[in-house]
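Student: I have a sequence and a model open. Can we go through it by question and answer?

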Amino acid sequence: MGRLQRGPCRIQPSMQHIYSDPTFEMACDQFHLIADYLQIPDNLRERLMYPKRSVAVAVPVRMDDGSTKVFQGYRVQHHLSMGPTKGGTRFAPGVTLGEIAALSMWMSWKCALTGLPYGGAKGGIDCDPRKLSTGEMERLSRRYMQEMIPFIGPHTDIMGPDMGTNEQIMSWFMDTYSAHQGHAVPGIVTGKPVSVGGTYGRRESTGRGTVYLIERAAHQLKLKLSGGTAVIQGYGNVGAVAARGLAYKNGMKVIAISDISGAYRNDDGLDIKEVDKHVEKYGALAGLSGADSIPVDQLLTTPCDVLIPAAVSGVINRGNAAKIQCRILAEAANGPTTVDADKVLFQRWNEIFVLPDILCNAGGVVVSYFEWVQSLQSFFWNETEVVDRLFRVLEQSFGAVIKRAKEERIPHRLAALAIGVEKVMQAKKVRGLFP
Ligand code: NAD
């Protein structure tokens, strides 16, 4: 740990202006910690940290009431050193270029850690999907893709889903790009429906990977999951799949869950089938029966064996890190833990086994890679093949992180990031200045 001292955030003023955002600062602070640890020289740091390309587009959309509204859209391609870039698209209120840049940086380290031939990317639109009709959503998605066509391609930058986007939106993306090319180009997006060249197992991949890694962590800790308790923040694609995997496959009691509409707790374990039916019917957890409504800020500090943040970034912070009461912290969300909170968690390493985000939620991009490979080859795999290969990649990445953390006596996050950053650094060193 001797090389672990953090300097102030060293973002160049001009870059600070372009990417100004707390999430970007958080990603940079985290990067500098790794760079200090790996003793990366300053000139190489800048090439590793700043996004290679960023695009901001105005996306005009005809609304149902006849008016025209202009939405702000972004796409950031973090580095081009190891292949095309890859990353999801976030539709959420208040999305900024800086937030998207931070997410693209994390994608770079994640792809490198898991051995995928990609640089990181991310895209997003500042919008509230809950306030858009299906027609407005389709026009917004198609227009965003239309604006992005000059900057992306199946060998340049491949899109995928993230918060607020789903298979239908990926299908509109693919259709719009394909119409422009004059033939179907399934390799332009991942996370699309199986009927248009998607892969089996993509929808479940992030939650399924999270559960697999929780099982591996429990094995290391000699912790019995069956009968144990879990708490999950975020009940969307990732959180719901993880809940099912923990409850049905591992016999755990999911005692508290939350989403944007509220938080609910039942110490005997929530009936996940009933929760799913409720969300299917009402679109959110609000009004859930069979559980007590609790203040949202109590959720993350609820005592449990497994805690899964599966929503937004920065939720485990200086204010609550010391109060978290779990054995395994499985970071399914991107960037849920701030750098300050991480220091607290490291002091508590004997109590809390951290599965850092770039490892914990990597199942999504790993299966996206499988989907891309299948799309390019028009040669498709069954679900068993997809899941087997996913677990093999995660097993290898988990093993590498644990080994490095043990050998160098460093936190799991530092080990995971060090592996990812080193691989990108190596590629940049051997290729030269361009990518
Ligand atoms: P989603 O849109 O399907 O679900 C997000 C959930 O979070 C919803 O239940 C929403 O209500 C809830 N939420 C939003 N803001 C919240 C808040 N402030 N407090 C509590 N809950 C809140 O999104 P998803 O695909 O499940 O993604 C969740 C997280 O996982 C994100 O951080 C995303 O970047 C990350 N992730 C997703 C994938 C993937 O394949 N979908 C892959 C890797 C990482």
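Tutor: Start with Gln39, which is exposed at a relative accessible area of 56%. Exposed means over 50% relative accessible area, buried under 20%, and partly exposed in between, with a 1.4 Å probe and protein chains only. This is a predicted model, where local features need pLDDT of at least 70, side-chain atom pairs count only at pLDDT 80 or more, and totals for chains, interfaces and linings use all residues. Residues are numbered from 1 along each chain as its sequence is written, and side-chain values use heavy atoms, without hydrogens and water.

Student: Where is the place of Gln39, and what is its phi?

Tutor: Gln39 sits in the loop between α2 (22–38) and α3 (42–49). Helices (H or I, at least four residues) and strands (E, at least two) are DSSP runs, numbered from the N terminus. Gln39 is not a glycine, yet its phi is positive, near 55 degrees.

Student: Is Arg409 buried or exposed?

Tutor: Arg409 lies in the loop between α13 and α14 (412–431). Its phi is positive, about 50 degrees, although Arg409 is not a glycine. With a relative accessible area of 66%, Arg409 is exposed.

Student: Which side chain makes a polar contact with the side chain of Gln77?

Tutor: Gln77 lies in strand β2 and is buried, at a relative accessible area of 3%. Leaving out residues up to four places away in sequence, Gln77 touches several residues, including Lys52, Phe151 and Asp157 (contact: heavy atoms within 4.5 Å). A polar contact is a pair of N or O atoms within 3.5 Å; within protein, one must be able to donate a hydrogen and the other to accept it, and residues adjacent in sequence count only if both atoms are side-chain atoms. At 2.9 Å, the partner is Asp157.

Student: What surrounds the ligand, and which residues are the closest?

Tutor: The shell holds 21 residues (a heavy atom within 4 Å). Helices α7 (202–221) and α8 (237–249) each supply at least two of its residues. The closest are Arg90, Asp162, Thr206, Ala311 and Asn334.

Student: What percentage of the accessible area of the ligand does the protein cover?

Tutor: Oxygen atoms of the ligand lie 2.8 Å from a side-chain N or O atom of Asp162 and 2.8 Å from a polar side-chain atom of Asn334. A backbone N or O atom of Asn237 is 2.9 Å from a ligand oxygen. On its own the ligand has 830 Å² of accessible area (Shrake-Rupley method, 1.4 Å probe), and the protein covers 83%.
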